[in-house]
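The tour below moves from one selection to the next.

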Amino acid sequence: MHGPFQFSPIHNDGFFLVFFPEFFRELLENAEKSLNDMFVRTYGMLYMQNSEVFQDLFTELKRYYTGGNVNLEEMLNDFWARLLERMFQLINPQYHFSEDYLECVSKYTDQLKPFGDVPRKLKIQVTRAFIAARTFVQGLTVGREVANRVSKVSPTPGCIRALMKMLYCPYCRGLPTVRPCKNYCLNVMKGCLANQADLDTEWNLFIGKGRSRGAVTS
């Protein structure tokens, strides 16, 4: 036997790890496109001249989702403050406002509540969704890395001898159809995987927590 043993990968985790991140990113892309199309139809040039406010919002959301150092609450507060500044200028085109004046207006967003209760509700929904999505993807990534490392076991000489004895002794005795019993097989594999045995409890906890989260959120 040459090289490490290759055990079967965990297909379900691999599937989610590959497709869930892309699925969530696609949802973000579709949401951004739908909002852009709707606002272009509704507000036309007024929106197009200020669309970077919304583009920056989605850019920061994507950056957070992919592990960037983004504070969701601060980012959303900044979005509403910038939006208020732009709307304040559009509603009062006959005046020219200094940057200091606009900054002063944006500081009172919470008190003025120009957007009603929408910012608070959106903050709750976005925070819940993105924290859960990013945590889920990070958990899958860690799980895959652990599984890949543990699945590549370099056999010791003792392990090789035990495997050879278990697999080929029946052939030497002229009994090729005889298979090793379950307990014998388990004992040999436990010896070969002794260094990985310490991970068993932690791995089961990891899988259990993942299933529990899935049950709660589903």
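What follows is a short walk through a predicted model, from the whole chain to single residues.

**Whole chain.** Start with everything displayed. The protein has 10 helices and 2 strands. Read from the N terminus, the elements run β-α-α-α-α-α-α-α-β-α-α-α. Colour by accessibility next: 23% of the 218 residues count as buried. For contacts with a separation of 6 or more, 72% are between residues 24 or more positions apart.

**Helix H3.** Select residues 52-65, which make up helix H3. This helix has 14 residues, and the distance from its first C-alpha to its last is 20 Å, close to the 20 Å expected at 1.5 Å a residue. Show side chains for Val53, Phe54, Leu57, Phe58, Leu61, Tyr64 and Tyr65, the buried residues of H3. Now turn the view to look down the axis of H3. The buried residues fall within an arc of 135°, so they line one face of the helix.

**Helices H4 and H5.** Select 72-91 for H4 and 99-107 for H5. How do these two helices cross? Their axes come within 9 Å and cross at roughly 125°. Angles over 145 degrees would count as roughly antiparallel and 65 to 115 as roughly perpendicular, so H4 is oblique to H5. The crossing is right-handed.

- from H4, Ala81, Leu84, Glu85, Phe88 and Gln89;
- from H5, Tyr101, Leu102, Glu103, Val105 and Ser106.

**Ser106.** Centre on Ser106, in helix H5. Is Ser106 buried or exposed? Its relative accessibility is 11%, and because buried means under 20%, Ser106 counts as buried. Leaving aside neighbours within four places in sequence, Ser106 is in contact with Ala81, Leu84 and Glu85.

**Lys113.** Finish by moving to Lys113, in the loop between helix H6 (109-112) and helix H7 (118-150). Check the backbone here: phi of Lys113 is near 50°, a positive value in a residue other than glycine. Most residues other than glycine have a negative phi. Then look at the surroundings of the side chain. With a relative accessible area of 55%, Lys113 is exposed, because the cut-off for that class is over 50%.

How values were computed
Residues are numbered from 1 along each chain as its sequence is written. This is a predicted model: local features need pLDDT of at least 70, side-chain atom pairs count only at pLDDT 80 or more; totals for chains, interfaces and linings use all residues. Side-chain values use heavy atoms; hydrogens and water are left out. Helices (H or I, at least four residues) and strands (E, at least two) are DSSP runs, numbered from the N terminus. Buried means under 20% relative accessible area, exposed over 50%, partly exposed in between (1.4 Å probe, protein chains only). The expected span of a helix is 1.5 Å times one less than its number of residues. The arc is that of the directions from the helix axis to the C-beta atoms. Axes are lines fitted to C-alpha atoms, for helices over the stretch in contact, and angles run from 0 to 180 degrees between N-to-C directions. Angles under 35 degrees count as roughly parallel, over 145 as roughly antiparallel, 65 to 115 as roughly perpendicular and the rest as oblique. A crossing is left-handed if the near helix is turned anticlockwise from the far one by less than a right angle, and right-handed if clockwise. Contact means heavy atoms within 4.5 Å.
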